[in-house]
Each structure stands twice: as C-alpha cells, then as structure tokens.
Amino acid sequence: MNEFPPGFLWGAATAAHQVEGNNTNSDLWLLEHIQPTLFQEPSLDACDHYHRFHDDIRMLAGLGLNTYRFSVEWARVEPERNHFSTAALDHYRRVLAACHENGVTPMLSFYHFSSPRWFAAMGGWEKKPAADLFVRFCERAARHLGDLTTFATTFNEPNIPMLLRWISNIDIPFTTVLRMKKQAAKAVGTGNFGCFFLGDADKLQEVMIGAHHRARAAMKSGPGDYPVGVSIALQDEQAVGPKSRRDRKCDEVYGEWLRAAALSDFVGVQSYTRCRVGKSGDMGPEPGVELTQMGYEFWPEALEVCVRYAHARCGEVPIYITENGVSTEDDSRRVEYIRRALTGLLRCLADGIDVRGYIHWSLLDNFEWIMGYRPKFGLISVDRVTQEREVKPSAHYLGAIARGNRIPDLAAIR
Ligand code: BGC
C-alpha cells in the first residue's frame with residue numbers, strides 16, 4: 001500500500017518563540033540575556049515571522065502542503081497580568097486568515113514552552129494559580145480566534161520535564177541552571193522564577209493535566225467548533241539488558257499524558273529518534289551510528305513505533321503527527337528521513353490505525369532553544385542577516401508527497 005487516506009493533512013510546523021522574533025515579554029527572552037545562561041545565543045529577530053507570516057504561509061501552500069501548525073504566544077497576548085492585548089490577538093487572527101486565504105488548514109497550539117515573564121516571576125507552573133491563569137488566557141484567545149480555528153492543541157510536549165529527568169547520558173551543568181534561575185529571580189524582583197524547562201516535573205504534570213482538561217472545555221464553549229488535542233513528545237524507547245528501566249520510564253514519561261490525550265479529541269504524536277534505556281536510565285546512541293546535529297541517532301523508524309505505542313494507549317482517538325523531523329545540514333538526509341518515517345506511517349495505516357495527518361518539524365530553520373540557530377530542522381532555510389528564505393529539496397519532496405497523497409519514486413521527482 002502506498003496511498004494515504006483521502007483528506008490526509010500534510011503540513012509543517014513552527015512555534016512562536018522560535019520564529020516570530022523579539023518575544024521580549026517572555027520568560028525565555030530573559031533567560032537568553034542573563035549571565036550565566038544555558039542558551040548558546042539569544043533568539044533576537046528569529047525568522048521575523050511576526051511580520052513575514054503571510055509570505056511564509058504562501059510558500060508553504062505553494063509547496064503543496066495544506067496544513068500549518070503554529071502557536072499563539074501568551075507573552076504577547078497577556079504581556080502584563082490581566083492586560084489582554086487586542087492588537088496581539090488581532091495579529092493571530094490575521095495569521096489564521098492568511099491560512100484560509102491560501103487554502104491551508106490552521107492548527108493552533110496555545111502553549112509552546114514560553115510563558116509571559118510575569119507568570120515566571122510568580123513561580124510559573126508550580127504555583128497554585130497557574131492553571132487558572134492559563135485557562136483564562138485560553139478562554140480569551142479562543143473567544144477571539146475560535147471562529148477561524150480548525151484544530152487546536154492546549155500544550156506542546158508537556159511531558160518534556162519528565163523526559164529530561166531520565167537523561168543520564170548527558171552532563172547537565174546543574175550549577176549553571178541554578179545560577180541562571182537565581183539571576184532571573186533577581187532580575188524580575190520577586191525572588192522567584194518558574195520556567196517550564198526548569199520546573200519540578202511531578203508538580204508541573206499535575207497542574208498542567210488539570211489545566212489541559214479545563215482549557216479544552218473553555219475552547220469547546222465557542223465560538224467555532226474544532227477538535228482540541230494535546231501534542232506529546234514520544235521516543236522509540238528500547239530496553240537494553242534484563243534490568244532495563246524502560247517500562248518504568250514509559251509509565252512515568254508517557255502514562256499520564258497519554259491517558260489525558262485519550263480523553264481529548266485527538267493525540268498529537270511528536271517523534272524524532274530512539275532511545276536505549278538500560279538499568280540506570282538513558283544510555284545514549286551506540287557508538288558509530290549516524291547522529292543528527294542534536295546528537296540524536298538518525299532514526300526515522302521511531303515514528304512508526306511511537307504511533308503504535310500511542311494508539312495502544314489512546315484507543316480509538318485519532319492520531320495526528322504534529323511534529324517529526326531531523327536536524328541536519330545535509331538536506332538529502334532529510335529527504336531520506338521523511339521517506340523512511342512515512343513508509344513506517346503507511347504500515348500503521350495498513351494495520352488500521354487512524355492516523356489523519358503528518359506535520360513536519362519545521363517549516364523554517366529556526367531558534368532551537370538552548371542550542372540557538374545551529375541545528376537546521378527547516379524545509380526552508382533562512383538567511384540570518386537578510387531574512388531571505390530558500391526552499392530546500394526536502395520541501396519539494398514533501399510537497400510532492402502531499403500533492404500525490406503517496407510516496408513517489410525518488411528518481412521521478414529529481
Ligand atoms: C519541540 C520543538 C523543537 C523540536 C526539535 C520539539 O521537542 O516541540 O520546539 O524545536 O522538538 O528539537
């Protein structure tokens with residue numbers, strides 16, 4: 001079988017802080033600019049997508065893609081606690097409208113790692129009012145944007161803090177983390193700084209799962225009528241040795257969130273690589289395997305495993321691949337990655353798993369969090385000085401797949 005179902009969504013994704021530029025009211029902007037910092041460089045203008053979204057969406061549509069996943073930035077919409085910016089909400093209305101004008105289905109994420117600075121200053125997700133504050137933001141944003149929204153997710157990868165807890169193969173400079181947090185708390189003047197990446201994973205999970213269900217209900221109250229799901233970070237977790245803690249890790253990192261997703265309208269699967277788990281946790285890739293710029297193993301087969309895993313836990317809830325991609329300077333490896341990942345997806349579909357779309361990460365080469373601009377995930381490159389965009393061959397490849405709704409013979413599209 002080499003046909004995707006009719007109406008399958010084909011898209012690319014971005015996230016506000018990574019592409020818009022000058023997200024100055026966010027917690028991350030502050031962390032990027034203090035000393036010491038874990039960030040290799042600050043985000044600054046990023047891809048100036050805040051001003052260039054129209055052209056970017058037109059390019060996406062021109063490739064043959066029909067879906068754009070992006071996020072609405074809370075730090076812009078509520079720059080001060082209780083002050084909602086109509087101008088910022090209008091901006092996102094224009095982005096949604098640009099999607100519709102170009103025949104592109106928008107998928108809107110309400111949280112993609114960054115928070116308003118005032119939210120961090122009051123302690124972020126670990127503090128009691130966090131869920132109320134987030135739900136209220138979602139209510140306001142959904143009221144303004146709901147009639148133009150086609151799909152929404154509450155959170156992007158809310159299980160990342162749990163995943164980070166299992167990393168035992170990378171030296172995390174904990175003293176820098178602590179000093180960075182302390183400096184940030186000093187800068188905001190409250191003695192507190194709660195950031196999504198730096199919080200206590202158990203507390204965050206409890207608060208965010210509650211917030212997810214409530215935010216979903218808020219979005220459901222209209223205007224508009226669209227499915228609301230949540231995007232989960234998944235890896236192909238492989239047990240190494242008889243005492244592997246793999247199963248324990250899976251329960252801890254995916255269990256609760258997949259249960260929450262099962263009660264939602266869809267689950268967003270996000271997958272990049274595999275992970276070998278031994279008796280002390282993550283082991284890192286085997287020596288000699290191909291690595292991406294992120295240091296992950298080049299392993300497109302992870303997507304199939306993650307889809308099957310999510311399906312086994314979420315039952316009949318439809319699956320959308322809301323992120324999948326690879327960081328590489330060698331675009332021919334991206335083509336190969338896409339081809340193999342989608343071949344795995346076809347096997348899932350042949351087995352009757354209800355997968356309804358594939359959204360690639362990312363539309364643009366962008367700001368890759370603490371790693372800065374070095375890793376290249378984009379289908380389209382961005383000149384950091386001129387902001388000029390250049391479509392890569394992998395973008396044409398994915399576009400050809402989208403247009404035909406099948407994986408073409410590689411030779412035929414060269
Ligand atoms: C995140 C993106 C990120 C990508 C590549 C996902 O974890 O949602 O924001 O850029 O992976 O690392």
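**Salt bridges and a helix crossing**

A: Starting with R340: in this predicted model, R340 counts as partly exposed, at 24% relative accessibility.

Q: Which residue does R340 form a salt bridge with?
A: E336, with the closest N and O atoms 3.5 Å apart. Both residues lie in helix 13, four residues apart, about one turn of the helix.

Q: And is E336 buried or exposed?
A: E336 is buried, since its relative accessible area is 18% and the cut-off for buried is under 20%.

Q: How many salt bridges does the structure hold?
A: 29. One of them pairs the side chains of E252 and R165, at 2.9 Å from N to O. That pair links distant parts of the chain, 87 residues apart: E252 is in helix 11 and R165 in helix 8.

Q: What about D351, which side chain does it meet in a salt bridge?
A: R308, at 2.9 Å, N to O. D351 lies in the loop between helix 13 and strand 9 and R308 is in helix 12, so the pair ties together parts 43 residues apart in sequence. D351 is exposed at 54% relative accessible area, while R308 is partly exposed at 29%.

Q: Switching to helices. At what angle do the axes of helix 5 and helix 7 cross?
A: Roughly 50 degrees, and the axes come within 9 Å. That makes helix 5 oblique to helix 7. The crossing is right-handed.

Q: Which residues meet there?
A: From helix 5, T86, L89, D90, Y92, R93 and L96; from helix 7, R140, A141, H144 and L145. By type, five are nonpolar, two polar and three charged.

Conventions
Residues numbered from 1 in each chain as written. Predicted model: local features only at pLDDT ≥ 70, side-chain atom pairs only at ≥ 80, totals over all residues. Heavy atoms only, no water. Axes fitted to C-alpha atoms, helices over the stretch in contact; angles between N-to-C directions. Helix = DSSP H or I, 4+ residues; strand = E, 2+ residues; numbered from the N terminus. Parallel < 35°, antiparallel > 145°, perpendicular 65-115°, else oblique. Left-handed = near helix turned anticlockwise from the far one by under 90°. Contact = heavy atoms within 4.5 Å. Nonpolar A, V, L, I, M, F, W, Y, C, P; charged D, E, K, R; others polar. Salt bridge = Lys/Arg side-chain N within 4 Å of Asp/Glu carboxyl O. Buried < 20%, exposed > 50% of the residue type's maximum accessible area, 1.4 Å probe, protein only.
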